[in-house]
Structure formats: C-alpha cells, structure tokens
Amino acid sequence: MSVLVFTILLFSGAALAGLLGSLTGLGGGVVLIPLLTLVFKVDIHYAIGTSLVSVIATSSGAAAAYVKEGITNIRLGMFLEVATTIGALAGAFLATYIATSWIAIVFGIILILSALTAFTHHTENISTVQGSRLSRRLKLNGSFPTEAGIQHYSVKHVAGGFVMMNIAGIISGILGIGSGALKVIAMDRIMQIPFKVSTTTSNFMIGVTAAASAGIYLKRGYIDPGLSMPVMLGVLLGAYVGSKILFKANTKALKILFAIVVLFLALEMIYNGITHEL
C-alpha cells in the first residue's frame, strides 16, 4: 500500500470516527484508537498519541462556540482541570510502563461502559439553593441561558466531583481519550449541575486534559506527524458534518448502531489484549 493510499484511508476512517463521535456525544477517540490498532495495525502508544492530538483539535473548535453562548461554566471547568491535569500526567507517565495488552483490555472495558452510558437517562433536578459551603467559597455556582430566560443553578458535592475528575484524567492519560463520559458523570450525577452545562464544560476541559498528557507522549516520540495530520483533519471534518446533521438525525437509531459498533470493537480489543496480539 502506497503512502498516499494509506493517508487517504486514514483520513476517511478518522472522518467516520469523528462523525460517529459527534452524533453520539462520546467523542471520536473511542472509535479512533480501535480503528488505528485493529485495522491499520498501528502500535497502541502511537495510536494514543494520535488520538490525543485529534481530541485537542476537536475540543478547541467546539468549546469556543459553547463558551460564546454562555453555557460553559468556565470557573468550574478551570477548577476541575487541576484534578484532571494531575491525573492525565500520572496516566501518561504510567502508560509507557504498562504492557500494551493490558492497555487494550482496559480500553475495551471503558468502551463497554461508554456504550452503556449512551442509553442511560435520568430526571434532571436543577438545584437553585446556595449549594455547598465549598462551592460558595470557590464561587462555582452559575447560570446559563434557556428559552425561558436565565437559569441559575448551584453546585453540590465538590470533593466527590474533584476525585472523579482525577480518575477521568488518569484514564485519559493512559488511553488517549477525552474521558468525556466520565467527566459528564462527575458533573451531572455527582455535582448535580444541569446536563447541558455538564456536556459543554466537559468539552471545554477535554482539550486541556489531552494537552497535558500529549506533552509526555510527544517527549517520548509517540506522536507521529504522518499519522496525526490526516487523522486530525479527518476527525475535524467528521465532527463538523455531525454537528450539522445532528438535529435531523434519528439519534435513537444512531445510538443503537453506535453501541453495536463500540461493543464489537470493545470485544475485539479485549480479545487481542488477552491473546497478546497488540
């Protein structure tokens, strides 16, 4: 296979990963790394480095729009970024000492959990009381625009959310994904802030988290420009197209399709990890 054909196939696959990630809200990394390792036979450390670059690019583009709309809680995001950055640095450091077979198995398990979160629903109860003492002291409570006007909300269980964010950062550093699903769980379920604020603040954070661990991967030579460039451009294109067709798409059918694809990739990653074929 020539370099040109390989680059075109890589770009096309990354665009598909970005499209699926955008339509389902799980990000492109969960598809991108299995695609690179299982289909293109790329070493998993290089696949993780490439994924981190694409996460930084897609997060930077999407986060700017949400910040402009006033939905993102920037102060909360910057506070929690302390936890995720520390975790990401630790995870990236550990990843170089963990066998690739174990990384593949852990990644497969995270894929299964990510697929399951796509089907979970719960009733949102927005709290407008003062929130915890720590959230008041750190001024983390906020507001966001809705069709009915400005909606105020308070932040609860700050310490629990901080710990969960640290775990999300470690997983991001080890596996090269944005850990957006875990970040949304931390803010939406533990800290009990509105889902819309959780997803947009998570989007604001994942680029910073990925940048922290990408520095270690870059220093160790695991970021290859020949892989990163077509993948980054492909994921950006796919994510852009996905954002345009999202409102017209049958998201329920897409989530079912995406979950089937992700579960298949997860089992394939776990099998290859157990048999040491990665």
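Is Thr37 buried or exposed, and what is its relative accessible area? Thr37 is buried, with a relative accessible area of 2%, in a model that is predicted. Thr37 belongs to helix H2, and a polar atom of the Thr37 side chain lies 2.8 Å from the backbone oxygen of Ile33.

**Overall organisation**

The protein has eleven helices and two strands, and these elements follow one another along the sequence in the pattern α-α-α-α-α-α-β-β-α-α-α-α-α. Of its 278 residues, 48% count as buried. Among the contacts with a separation of 6 or more, 79% are accounted for by residues 24 or more positions apart.

**Helix H2**

After H2 comes Lys41, whose phi is positive, near 55°.

**Residues with positive phi**

Most residues other than glycine have a negative phi. Against that background, Lys139 has a positive phi of about 55° although it is not a glycine, and Gln192, likewise a residue other than glycine, has a positive phi near 55°. Lys139 sits in the loop between helix H6 (133-137) and strand S1 (142-146), whereas Gln192 sits in the loop between helix H8 (180-190) and helix H9 (195-219).

The table sets out the relative accessibility of several residues discussed in this report.

| Residue | Relative accessibility | Class |
|---|---|---|
| Asn73 | 7% | buried |
| Ala15 | 15% | buried |
| Gln192 | 30% | partly exposed |
| Arg220 | 38% | partly exposed |
| Lys139 | 58% | exposed |

**A buried asparagine in a loop**

Asn73 is found in the loop between helix H3 (44-69) and helix H4 (74-95), and it counts as buried because its relative accessibility is 7%, under the 20% cut-off. A polar contact of 3.0 Å joins its side chain to that of Tyr153. Apart from residues up to four places away in sequence, Asn73 touches Leu140, Asn141, Gly142, Tyr153, Val197 and Thr201.

**Packing of H4 against H7**

Helix H4 packs with helix H7 (residues 158-175) at an angle of about 30°, with the two axes 6 Å apart, and the crossing of H4 and H7 is right-handed. On the H4 side the contact involves Phe79, Leu80, Val82, Ala83, Thr84, Ile86, Gly87, Ala88, Gly91, Ala92 and Ala95, and on the H7 side these meet Val158, Gly161, Phe162, Met165, Asn166, Gly169, Ile170, Gly173 and Ile174. The residues of this contact divide into 13 nonpolar, seven polar and no charged.

**Annotated transmembrane regions**

An unreviewed UniProt entry places the feature "transmembrane region" at residues 45-67, 79-112, 162-185, 197-217, 229-247 and 254-274. In the model, the span 79-112 is 88% helix and 0% strand, and its end C-alpha atoms lie 29 Å apart. The span 197-217 is 100% helix and 0% strand, with its end C-alpha atoms 30 Å apart.

Ala15 lies in helix H1 (residues 3-24). The C-alpha atoms of Ala15 and Pro230 are separated by 9.3 Å, although the two residues are 215 residues apart along the chain. Leaving aside neighbours within four places in sequence, Ala15 is in contact with Gly234, Val235 and Gly238.

Arg220 is found in the loop between H9 and helix H10 (225-245). From C-alpha to C-alpha, Arg220 and His45 are 9.9 Å apart in space, while in sequence they are 175 residues apart. When residues up to four places away in sequence are not counted, Arg220 touches Phe93, Thr96 and Tyr97.

Technical notes. Residues are numbered from 1 along each chain as its sequence is written. This is a predicted model: local features need pLDDT of at least 70, side-chain atom pairs count only at pLDDT 80 or more; totals for chains, interfaces and linings use all residues. Side-chain values use heavy atoms; hydrogens and water are left out. Helices (H or I, at least four residues) and strands (E, at least two) are DSSP runs, numbered from the N terminus. Buried means under 20% relative accessible area, exposed over 50%, partly exposed in between (1.4 Å probe, protein chains only). A polar contact is a pair of N or O atoms within 3.5 Å; within protein, one must be able to donate a hydrogen and the other to accept it, and residues adjacent in sequence count only if both atoms are side-chain atoms. Contact means heavy atoms within 4.5 Å. Axes are lines fitted to C-alpha atoms, for helices over the stretch in contact, and angles run from 0 to 180 degrees between N-to-C directions. A crossing is left-handed if the near helix is turned anticlockwise from the far one by less than a right angle, and right-handed if clockwise. Ala, Val, Leu, Ile, Met, Phe, Trp, Tyr, Cys and Pro count as nonpolar, Asp, Glu, Lys and Arg as charged, and the others, Gly among them, as polar. UniProt positions are given in the numbering used here, feature names are shortened, and annotations may be inferred rather than shown by experiment.
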